[in-house]
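Work through the exercises below with the model open. Try each task before reading its solution.

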Amino acid sequence: MNFDIQLFVATLGGGVCFSPDGGASWSTLDLGYNFVWSIASTSTGTLFAGTYGDGLYTSDDNGNNWYKVVEVTGSYIYDITVDTEDNVYISTLLGGVYVSTDGGDSFVNNGMGGVGVSSIMATSNSESSTLYAGTSNGQLYKKSSGDGITSVNDEVTPKEFKLDQNYPNPFNPSTTIQFAVPKAGEYKVVVYNILGQQVAELLNTQLQPGVHKVQFDAARLASGIYIYQLTGDNVNFTKKMILMK
């Protein structure tokens with residue numbers, strides 16, 4: 001065992017765990033939020049921790065103090081990667097991909113919003129960069145450039161209708177519903193209770209082809225099973241969701 005190696009581990013429920021001696025001993029770092037999904041570090045030791053529900057955190061003192069990165073607005077951070085040039089890439093489930101080209105001092109959104117990016121990988125040098133993004137529905141996207149880091153192409157046109165499972169589920173009191181439409185038209189998203197009574201109309205408008213999402217706030221409703229429905233031109237999909245207060 002190499003006692004000179006420092007280890008940082010993300011845990012879902014126990015926050016960030018730290019070993020200063022290659023795993024011989026462990027302690028818990030006080031991030032302030034215990035559901036941590038991903039963690040990474042730059043070559044200079046700046047840490048990034050992606051949480052399951054509370055966004056992105058960073059630390060520049062070996063995890064003793066953590067600060068929330070407000071520029072990254074996505075709550076569910078699924079993956080963090082740092083390339084050889086210390087560019088930092090953050091994938092959020094609904095907010096798209098964020099990139100920092102200054103070691104994490106600042107971030108910009110580089111697209112893919114609403115697509116459900118769950119994993120990313122980047123290669124970069126002084127002349128070129130390539131970014132790969134994997135989505136929650138099993139698709140893989142690639143963006144290459146000979147001029148350094150550029151935006152990920154977010155002009156993604158779905159090939160078929162799709163209604164995703166709401167996220168999170170169970171939820172309290174709000175959740176996100178994501179769906180894809182391959183052609184322009186009038187679409188509605190409606191929520192019913194288990195008795196078939198309409199309790200909310202989340203969307204009723206003209207939409208262009210693409211991946212869309214709506215928020216459902218059930219603060220005034222009782223716990224239980226609800227049904228959400230996507231209807232439109234040649235589409236009628238329903239799924240169940242659970243409100244648990």
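Predicted model: local features only at pLDDT ≥ 70, side-chain atom pairs only at ≥ 80, totals over all residues.

Residues are numbered from 1 along each chain as its sequence is written, and side-chain values use heavy atoms, without hydrogens and water.

**Exercise 1.** Find which residues lie closest to the centre of the second largest pocket.

*Solution.* 
1. Take the pocket as an open set of points on a 1 Å grid over the protein atoms alone, where a 1.4 Å probe fits, with protein on both sides within 12 Å along at least five of seven lines.
2. Lining residues have an atom within 4 Å of a point. There are 17, and S75, Y76, Y167, P168 and T176 are the closest to the centre.
3. Now assign elements. Strands are DSSP runs of E, at least two residues, numbered from the N terminus. β16 (174-181) and β19 (210-217) each give two or more residues to the lining. The largest share, three residues, comes from β16.

**Exercise 2.** Give the strand order of the open sheet that holds β16, then that of the sheet with β2.

*Solution.* 
1. Strands pair if DSSP finds at least two bridges between them.
2. The β16 sheet runs β15-β16-β19, antiparallel. β15 (162-163) and β19 are at the edges with a single partner strand each, so one side of each lacks a neighbour in the sheet.
3. β15 and β16 pair over two bridges. K162 stands opposite A180 in β16.
4. The other order is β1-β2-β3, also with antiparallel pairing.
5. β2 (15-19) pairs with β3 over three bridges. F18 faces S27 in β3.

Key
Helix = DSSP H or I, 4+ residues; strand = E, 2+ residues; numbered from the N terminus.
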